[in-house]
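Please look over the sequence and the model shown here before reading on. The notes that accompany them are meant to be read side by side with the structure.

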Amino acid sequence: MKKLTTALITMLATLTVISMAPALAEELIEYDRSILEKLKITIEVEYRYVAGGFDEDGNWVIRYAVERYEKNATVDKILYENSRRAVNIWNASIREYAEKYNCTQLKKLILRFMGYAGEEKNYDVVIRISPTAPPNIGGFYDVDARSIVVYARSIDISQPLPALMFIIISHEVGHSLGLGHYANEIPLADPLIDLRGYEFSFNTGALTHLGVPSTMELYALCQLFKPVEDGLPPRLAGVIELPDDPKGRFTVGIGVVYVFLARGDKQIIEPPAPHDFTYIMRWPLYAGYESAFDLPEAHLNSSGMGLKGADLVVYPLKSFCGHVRENIYSMRIIACNANEPYFILRDYGNGTLEAVVDFNIYRVVYDKIYLYNKRGTSRLYLLDKPADPKSLELPKGITHDAIKYIVVLRGEECGRGECYESVEWMRDGRILIRGVKEDLLVKVDLDKVYLFSIDVAPFNYTYAVDSPKRLLEVRFIDEGGNVTYAPRGSKIYVKPLATVLEYGNGSRLRITGWSAGHWNGSHLEVSLDKPVEVKPVIAKEYMVAVESPLGSFANTGWVLEGTKITIYPESKVVDFGNGTRMVFKGFDGYEGESVTLTVKNPVKLKALWARQHRVSVESRYFTNTATWVNEGELYFALARKEADFKNGTYIRLRSFKAYIGNETIDSEDLGDSVRVIVGVRRPTTFKASWDTYYTVSLSSEAPVTSSCPGLQLEGTICNASAEESIVYGNGTVRRFRGWLVDGEIIPDRSISLEVLMPLDIKALWDTYDYVTFMLDAGDGYVVQADKVVLDDGLVIEGSGFIKRGVWRVSQAWYRGVEVSKHVEVAVRGAGAIIIPSRLRAVNVKVSDLLGMPSPRTIITTPFSQAATDWGGHSTLYAIPPMAIKLGLRHILGESFTELPGDITDIEVKIPLSIYTLLIMVAAAALSGYMGVGRWLRREG
């Protein structure tokens with residue numbers, strides 16, 4: 001039978017402290033990490049050791065079960081818990097390695113803890129206890145029987161933590177996975193320390209370090225189970241060497257927690273503790289799988305290595321006192337002052353404690369490691385490199401010679417969901433960190449907490465604490481009862497359930513102030529910067545009351561004993577708002593309207609009042625009056641019968657009556673006036689009703705039809721109408737524009753008005769005249785304009801009806817040419833209106849080339865024409881200021897020339913005038929006569 005046995009590894013105590021020292025001492029030697037790079041680590045693998053097999057999903061599954069140990073229930077429970085714990089840690093370590101190094105084949109390797117083994121074989125490997133044992137302590141893995149056997153001698157049930165059993169089972173589980181032992185001796189002068197500060201041994205015969213799967217072992221499994229990815233069983237046997245990449249971290253677990261204490265900005269090496277201790281133990285801890293036999297997960301040097309997603313508990317202050325072990329296999333652990341809260345350090349007296357008030361959680365970042373004392377057995381964790389470790393104040397029982405090496409680390413910000421899932425501060429001061437994802441550093445803040453006591457007797461109260469820290473308050477029960485503390489800087493809010501305690505006899509007690517803090521009338525705010533005792537200032541008060549059917553009185557109610565007061569009504573008149581009021585007359589048994597006294601006991605007075613009613617006179621045309629009359633008195637009112645206001649309004653009295661509720665009293669006639677007399681017993685109103693008449697006047701320049709003029713009763717409908725236009729036959733027309741009624745123009749030709757005031761009505765007419773616009777064409781000559789545009793855009797095509805008034809001519813056109821001058825013209829009646837224009841008269845002289853005038857020459861233009869006189873002169877009228885063509889008809893026909901636009905005189909040449917022609921004819925005739933004579937003479 002093949003057996004793989006377990007060798008026990010010595011467990012060393014360690015200490016975690018904090019240092020703020022300045023420079024590096026010569027005794028410290030930086031650890032040479034190149035040792036890890038040069039290190040050759042090998043381990044045996046053997047596929048025949050592998051238990052389990054494929055499931056239907058292609059995963060390699062190994063099932064573990066525990067065989068009951070009937071002889072001892074306690075031992076049986078220890079076996080069960082440590083078996084479950086070892087399988088779960090291996091399983092979680094495999095998962096974490098597979099994810100971190102992307103080993104897909106290990107993702108198919110699944111370890112299952114099946115609980116107790118049943119009659120049917122529901123397991124691949126059974127874990128049991130051997131009643132017989134060899135001389136050594138340990139166990140073995142039976143490859144043929146696929147069982148893990150633990151020797152009974154390995155179990156010491158007197159220990160709170162049966163760590164040896166766990167280490168043995170974890171070692172043998174590694175064999176059931178196909179791992180052998182480390183295959184080489186590593187003779188090194190310096191220890192093997194990974195980046196966390198853990199010291200490991202990889203000597204021949206070892207497997208798992210204190211039960212923790214190492215990176216080497218998980219790497220070997222990754223190589224061994226490669227065929228599983230292709231659906232084949234492991235087939236590898238031999239020795240595997242760890243490559244360089246994962247050498248810096250020997251374990252895959254996470255959640256190593258280091259606790260540091262800080263008082264303000266000062267880091268503390270040793271917290272002030274009320275007890276002595278000789279050894280502070282560090283053990284590999286696996287949160288989430290702890291049992292009643294485990295050591296606490298963390299303590300003063302709180303650290304524990306768990307697995308991803310597991311939970312860790314931190315004990316911020318109270319440690320556990322360990323006695324020196326008797327031998328390597330036996331150790332007794334006892335807790336020190338375990339009944340005290342974990343977060344209280346010391347009692348300064350006078351109501352002041354020092355305690356943990358807050359904490360912060362950071363990601364651990366590892367720095368350098370320094371070798372210190374080769375003879376030491378412990379390691380020291382610091383936030384800074386110390387100048388001289390011997391200058392560090394260490395906890396009692398730990399010496400500098402015991403420190404083997406120093407690990408420097410620091411904290412990095414890391415929030416919820418990133419490094420852990422949640423944090424809970426438990427009532428006893430422990431810190432529960434759930435779902436740990438990375439190595440953590442817990443910084444614990446220390447500060448003073450102050451006693452505050454509240455004595456509000458005989459009143460009841462509630463209170464709340466607003467703390468600047470995570471810690472709200474600390475409560476203890478001592479000989480005097482409950483005592484409460486809160487962190488320095490806290491706000492204490494005290495709220496009495498009642499601030500007044502009445503005795504029912506007109507006296508009471510009332511809280512008027514406090515011995516400390518700020519009181520706003522409803523609650524007290526106390527700033528806690530020292531121990532404080534809160535007591536109320538209580539005053540005795542008496543009830544001062546006035547018996548009165550109504551009203552309120554000054555200085556009544558609860559009054560402080562011994563106060564001198566004056567009692568008087570806050571209002572001497574109380575108006576009920578219904579026409580009735582009460583008027584204060586004084587106090588029964590006292591003179592005047594006030595009473596002055598010193599309050600020494602309850603006071604009660606009786607007020608006296610008189611009732612009055614409102615009497616009012618309502619009239620539309622006279623001032624309304626109102627007065628208050630004592631109940632039972634007589635009141636009368638007069639009214640005139642008619643009145644003329646001299647403003648077009650005239651009134652006649654229709655009725656005058658008095659109204660008392662539903663009762664009506666008529667007036668009596670006094671000639672030109674009337675009178676009403678009443679006895680006042682309720683609110684009374686005198687009302688006058690009138691008939692009103694208004695004067696209506698109407699005026700018009702033209703005939704209209706109307707029923708309006710005259711004196712009209714208010715509300716009468718007045719009608720008026722007018723024609724749309726009236727033609728007078730002289731070129732003048734009146735057109736109706738509207739009615740002007742009290743300044744408002746109504747454009748309708750017919751109106752109906754309700755007479756509600758004096759009215760002045762006027763018919764409005766516009767007068768239009770037929771006008772012809774003539775243009776001044778020059779030298780007194782006029783022509784009719786083709787079109788005239790006036791200033792409001794009104795266009796007149798030469799002539800038309802125009803409203804009387806003054807108009808501005810903006811344009812004037814003649815035969816398609818704009819010739820206007822901007823002038824104003826007044827329309828006062830029908831007829832022609834001559835307006836200036838830019839038309840001109842041009843004097844034209846026509847002569848021939850010999851300078852002879854050309855009479856009877858016809859001169860034509862697009863605007864006018866003329867004929868020259870016998871002297872060759874003519875005048876053209878209505879010529880616009882523009883260049884135009886002149887046409888000339890004469891004896892030789894027709895010729896043309898251009899007339900410039902800026903001249904009024906022009907001489908035009910033609911070839912031959914009639915005068916020159918006549919001369920030529922005469923000359924020709926004379927020449928012919930003389931020629932005939934010569935011919936006759938020649939012939940003769």
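## Basis of the report

The structure is a predicted model, and each residue is named by its number along the chain, counted from 1 as the sequence is written.

## Salt bridges across the chain

How many salt bridges does the structure hold? There are 30 salt bridges in the structure, and among them is the pair formed by K368 and E30, whose closest N and O atoms are 3.7 Å apart.

Another salt bridge joins R508 and E541, with the closest N and O atoms 2.6 Å apart. R508 is found in strand 32 (residues 507-514) and E541 in strand 36 (residues 536-547), so this pair ties together parts that are 33 residues apart in sequence. Are these two partners buried or exposed? R508 counts as buried at 12% relative accessibility, because buried is taken to mean under 20%, and E541, at 2% relative accessibility, counts as buried as well.

## A further pair and a network

The side chains of R675 and E668 also meet in a salt bridge, at 2.9 Å from N to O. Here R675 is partly exposed, with a relative accessible area of 26%, and E668 is likewise partly exposed, with a relative accessible area of 35%. Elsewhere, salt bridges that share partners join R363, E412, E418 and E438 into one network.

T684 is placed in strand 51 (residues 684-699) and is buried, with a relative accessible area of 0%. Which residues does T684 touch, leaving aside those up to four places away in sequence? With that exclusion, T684 touches R614, V615, S616, A658, Y659, I660 and V678. One of these contacts, R614, is 70 residues from T684 in sequence, while the C-alpha atoms of the two residues are 6.5 Å apart in space.

T580 is placed in strand 41 (residues 580-587) and counts as buried at 7% relative accessibility. When residues up to four places away in sequence are not counted, T580 touches D575, R611, Q612, H613, W628 and P683.

## The second largest pocket

The second largest pocket holds about 380 Å³ of space. Its lining is made up of 13 residues, of which F343, M426, R427, D428 and E473 lie nearest the centre of the pocket. Which element gives the largest share of this lining? Strand 28 (residues 474-478) does, contributing three residues to the lining of the second largest pocket.

By residue class, the lining of the second largest pocket divides into eight nonpolar and five charged residues, with no polar residues.

Note on methods:
Predicted model: local features only at pLDDT ≥ 70, side-chain atom pairs only at ≥ 80, totals over all residues. Heavy atoms only, no water. Salt bridge = Lys/Arg side-chain N within 4 Å of Asp/Glu carboxyl O. Helix = DSSP H or I, 4+ residues; strand = E, 2+ residues; numbered from the N terminus. Buried < 20%, exposed > 50% of the residue type's maximum accessible area, 1.4 Å probe, protein only. Contact = heavy atoms within 4.5 Å. 1 Å grid on protein atoms, 1.4 Å probe; cavity = no way out; pocket = protein on both sides within 12 Å on 5 of 7 lines; lining within 4 Å. Points joined across faces, edges and corners; volume = space filled by probe spheres on them. Nonpolar A, V, L, I, M, F, W, Y, C, P; charged D, E, K, R; others polar.
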